[in-house]
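Take a look at the structure, then work through them in order.

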Amino acid sequence: MARRTFSIGGVHPHDSKISRACAIEVLPTPPVVYLSVAQHIGAPAVPVVKPGDKVKVGQVIAEPGGFVSAFIHSSVSGTVKSVGPRKDLAGNSQTHIEIAVEGDEWLEGIDTSDTLITDIPEDNKAILDKIRLGGIVGLGGATFPTHVKLSPPPGMKCERLIINGCECEPYLTSDFRTLLEKGEQVVIGAAILKQVLGGVPCTIAIEENKPEAIAHIREVIASLEKVSPKFAGIEVLSLKKRYPQGGEKQLIDAVMHRQVASGALPISVGAVVQNVATALAVYDAVQKGKPIIDNSVTVTGECFPHQANLLVRVGTPLRYILDYLGGIPEEAAKVISGGPMMGRAVANLDAATLKGTGALLLLTEAQTRRRPETNCIRCGKCADACPMGLEPFLLQKLSRLGDVEALEENAAQDCIECGCCLYSCPAGIPLLDIIRLGKGAALSAIRARNVKK
Amino acid sequence: MKVLILTIAIITALGLVLSIVLFLVAKKFRVEEDPRIDEVEKVMPGANCGGCGFAGCRAFAESAVKAPDLDSHFCPVGGNDVMAKVAAILGFEVKAKAPMVAVVRCNGTCANRPKVNEYDGFATCKVKATLYSGDTACAYGCLGCGDCVAACQFGALRMNPETGLPEVDETKCTACGACVKACPKAIIELRNKGPRGMREYVSCVNKDKGPAAKKACSAACIGCGICVKTCTHEAIVLENNVAYIDYGKCKLCRECEAMCPTGAIHGINFPKPLDKEAVKARIQARQQKAREENNKEA
C-alpha cells in the first residue's frame, strides 16, 4: 500500500536524526531558573509571586492573563529572587520570574512515582479543568493553550483526533524518544483527549522513518486494549516521510484528506491535532496531577560530540544545558532553538528554556552560511515546494513593494513559515524572511478590518 | 477611380458624423476642474515623496484647493518658499513653519556598543527586527542595515562605515519623513532645524534601566535624570528611563549636554566647542546660590 502524505508541496531535507539512539536523560536541576511569563501564544501570564516567596515544584507562579493564556508553575523548589525584565532567546525584554533552587520539594498531590495509571476518570469537565490548571500548551511548537483547543466553538464537531508524532524536522528526536520510552503514557494521554472530544476515533500519525516507534506504539495499543475498552479506536498511521508533515493543516490533509480553508481552524473540517509531547503532558496532568514543569529537549548537531535527549526543567538557562554536555565546541557558529527548518537562532545563551523549547541545535559556519542572493530565475521551485499552495516568488516581490492589498489577495497570511521556499530556491533568495514581513502586514490589515466591524 | 471616390466619401462622412458626436459628448460631460490645481501643482517640487501625507504633488494640490485654509497642508520638501507660492495662488495668508530635519537618535557606534552576535540573515532592518533584538546587547538601537538610506529619495542619508550608523546631510534633508517611517526601531525623529542649524537632542532611545543600558552601550541614556534637574527651561522630560528634549522649549544653553554623564546628549552646529568644565562650574555656582537663598528663607 502506498503510504499517505499531504497533497501539495513539501521538501525532503536530509534526516540527520543523529541523536535517535540517545535515551532521554534527566538533566540535573540547575542552581537557578528563569520562567518567562510568555510561554504560550496569547496573553502573557500574570505573576502571582513576589521576591522572597518560597515555592515548591508544581506551584502556580503566574495565572492566565486572558482566555487564550495559560498557568505557569514553578519547575523547581526554592525562593523567588526577582520578578522583572530579562532578555529572552531573541534578546527582547520579557518579564521573567527568577527562582533560586533549594532542594527538590514537590507540591503535595503530585504523584512522582513511575506507576502507570490506566483508569481514566469519567468526568470530562474535571479533566478539562486539570488540563487548564496544569498549564498545558501545545508542545509541537505553536504553544497554543490545549484547553482552548479542546473546547470546540458551538456548532463545530470534532470527528477525529490526530496525535502528531511526525517530527518531520531534521535532527529532532525528542518526540521519537518519548514514543519509545513513554509510549504507554502517550497512548493513555491520547485516550483521555479522545474521551474529552466525545469518543472520536484517534490516529497517531508517525513518519515511516521511525519504524521502531510505529511498532512499539502498535504493541502498546494492543496490550492496553485488553485492559479497558476505552483504548479501542486508537490506530497508528505510518506516513511517508516529507517536510512539513507535522504542520497542522498538512497533517490533516495527510490523515483525513481534508483541506482546511484559508483563515479557518482545523476544527472546521472536524479535526483536532495534538502533539505527542502534549499527549504525555495531558497524561501527567490528569493521571498524576503534575503540571508542565519539564519537557524533553534534543541537544544535537554534527559538531557537537555529546548528542543527547534531555528531560529539562522549564526555565533552565541554555548555557547550563550546553555546559552539562561539555560546553559549546569551537567550530559551532550558531545555536538554534528548534529544528533547522523552522527554528530560530539564539541571540542570548543566558536565556532560559520555555515549555515549547524542543531542541537546541548547534551548527558550524559551513552549515549555516547563506548562498549569495542572485536574481530570481523564474524556475518555480518555490511554488512547487510550498505546502500551502502559495507563490513565494510573487509574495516576496509584493512584500518588498509593501503592497498589502495584493499580499492579502495572494494569501500571504496563509504562510506557515515552514521555510520550504527558501530551502528550494536555487538563487539563494531569502524568500521566507521577506514574506514574513508581508504576512505580518497582511495579518494586521485583516485584524484592523475585523476590529472596525 | 469610382472606388477611390466612394472610399473618400464614406470616410469623410464617417469622420463628420463622429466629430459631431464627440463634440456633443464633450460638451455634455465636460468636467469642470479648478484651474488653480494645475497652477499649484506647477509650483510644487514634483518629488511625489508623500512627505505631506498625500499620495503625491497632484493629490496635495487637489486637496489644498478645496481646503478652507492651509493649516493641514505643508510640503516639507518645498518648505516655506513653496508654501508661500501656494498661498499666493489660493489667496491664503502665509504661515511660516520652522524648518525640520531628520535626526538619528542612536549613539551606538562600533566603539560604544560592542557586538554580541553576528547577523547573517537578509540585510534589511525590517527583516532583522522581526527576527530578534539585534547584534548588540541594546534592543533599542540602530540595526545598521540602512533601511533609512534606501528610503531617502533625496540622497540625504548615508551609512558611516566607521560608526555603523546613518548620517544626515542637512543640506539635502527635506524632512519628508520617509526615513522615520522606514526605521523599525523608531530612532529617527523629525526635529526643529534650529537657529543656524544649532540643536540639542538626546541621541538614545534605550528604555532599559541604567545599568542594563550602560552595559549594552557606553553612550546610552541611563535615565539618571541629571539633565532634567539641570534644565532651567523645563524642556526635558524623563520617561521610561530615557530623556527627551522638547525642541519647542529648549533654549540651546547646552547645560544638559555638559552634565550628561554618558555623553548621550548631543549639541550640533554650535560655533564653539562646548567647554564642559566652565558650564559645570556655572551650574554649580547657580545651584550653590539657590541653596544659600533657601537656607536664608528657612
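Q: Is A:Glu417 buried, partly exposed or exposed?
A: This is a predicted model. A:Glu417 has 16 other C-beta atoms within 10 Å. Buried needs 20 or more, and exposed needs 12 or fewer. The count falls in between, so A:Glu417 is partly exposed.

Q: Where does A:Glu417 lie, and what is its phi near?
A: A:Glu417 sits in the loop between α12 (404-409) and α13 (420-424) of chain A. Its phi is positive, in a residue other than glycine. The value is near 55°.

Q: Which loop holds B:Asn241, and what is its phi?
A: B:Asn241 belongs to the loop between β6 (236-239) and β7 (242-245) of chain B. B:Asn241 is partly exposed, with 18 other C-beta atoms within 10 Å. It is not a glycine, yet phi is positive, at about 65°.

Q: Is the peptide bond from A:Tyr243 to A:Pro244 cis or trans?
A: A:Pro244 is in the loop between β11 (234-239) and α6 of chain A. Omega of the bond from A:Tyr243 is near 0°. That bond is cis.

Q: Is A:Leu251 buried or exposed?
A: A:Leu251 lies in helix α6 (residues 248-256) of chain A. It has 27 C-beta neighbours inside 10 Å. The threshold for buried is 20 or more. A:Leu251 is therefore buried.

Q: What distance separates the C-alpha atoms of A:Leu251 and A:Phe6?
A: Beyond four places in sequence, A:Leu251 has contacts that include A:Ile162, A:Cys166, A:Ala205 and A:Val273. A:Phe6 is 245 residues away from A:Leu251 along the chain. Their C-alpha atoms are separated by 6.7 Å.

Q: Is A:Asp129 buried, partly exposed or exposed?
A: A:Asp129 is in helix α1 (residues 124-133) of chain A. Its C-alpha atom is 8.0 Å from that of A:His147, 18 residues apart along the chain. With 14 other C-beta atoms within 10 Å, A:Asp129 is partly exposed.

Q: How are α11(A) and α14(A) oriented to each other?
A: The axes of helix α11 (residues 392-401) of chain A and α14(A) come within 8 Å. They cross at roughly 60°, in a left-handed crossing. Roughly parallel needs an angle under 35 degrees, and roughly perpendicular needs 65 to 115. The two helices are therefore oblique.

Q: How many nonpolar residues are in the contact of α11(A) with α14(A)?
A: On α11(A) the contact includes A:Pro392, A:Leu395 and A:Leu398. On α14(A) it includes A:Leu431, A:Ile434 and A:Ile435. By class there are 3 polar residues and 1 charged; the nonpolar count is 7.

Q: How are α2(B) and α4(B) oriented to each other?
A: The axes of helix α2 (residues 35-43) of chain B and helix α4 (residues 79-90) of chain B come within 9 Å. They cross at roughly 165°. Angles over 145 degrees count as roughly antiparallel. That makes α2(B) and α4(B) roughly antiparallel.

Q: What is the handedness of the crossing of α2(B) and α4(B), and how many charged residues does the contact have?
A: The crossing is right-handed. Among the residues in contact are B:Arg36 and B:Glu39 of α2(B), and B:Lys85 of α4(B). The contact has 6 nonpolar and no polar residues; the charged count is 3.

Q: What distance separates the centres of the domains of chain A?
A: Chain A is divided into domain 1 (1-14 + 114-369) and domain 2 (381-452). 13 residues of domain 1 touch 14 residues of domain 2. On the domain 1 side, 8 are nonpolar, 5 are polar and none is charged. The centres are separated by 27 Å.

Q: What distance separates the centres of domain 2 and domain 3 of chain B?
A: Domain 2 of chain B covers 99-193 and domain 3 covers 205-298. The centres are 25 Å apart.

Q: Which helix gives the largest share of the side of chain A that touches chain B?
A: 12 residues of chain A are in contact with 11 residues of chain B. The chain A side has 5 nonpolar, 4 polar and 3 charged residues. The largest share, 5 residues, comes from helix α14 (residues 431-452) of chain A.

Conventions
Residues numbered from 1 in each chain as written. Chains lettered and ligands numbered in written order. Predicted model: local features only at pLDDT ≥ 70, side-chain atom pairs only at ≥ 80, totals over all residues. Domains from an automatic or database assignment. Contact = placed C-beta atoms within 7 Å. Nonpolar A, V, L, I, M, F, W, Y, C, P; charged D, E, K, R; others polar. Axes fitted to C-alpha atoms, helices over the stretch in contact; angles between N-to-C directions. Helix = DSSP H or I, 4+ residues; strand = E, 2+ residues; numbered from the N terminus. Left-handed = near helix turned anticlockwise from the far one by under 90°.
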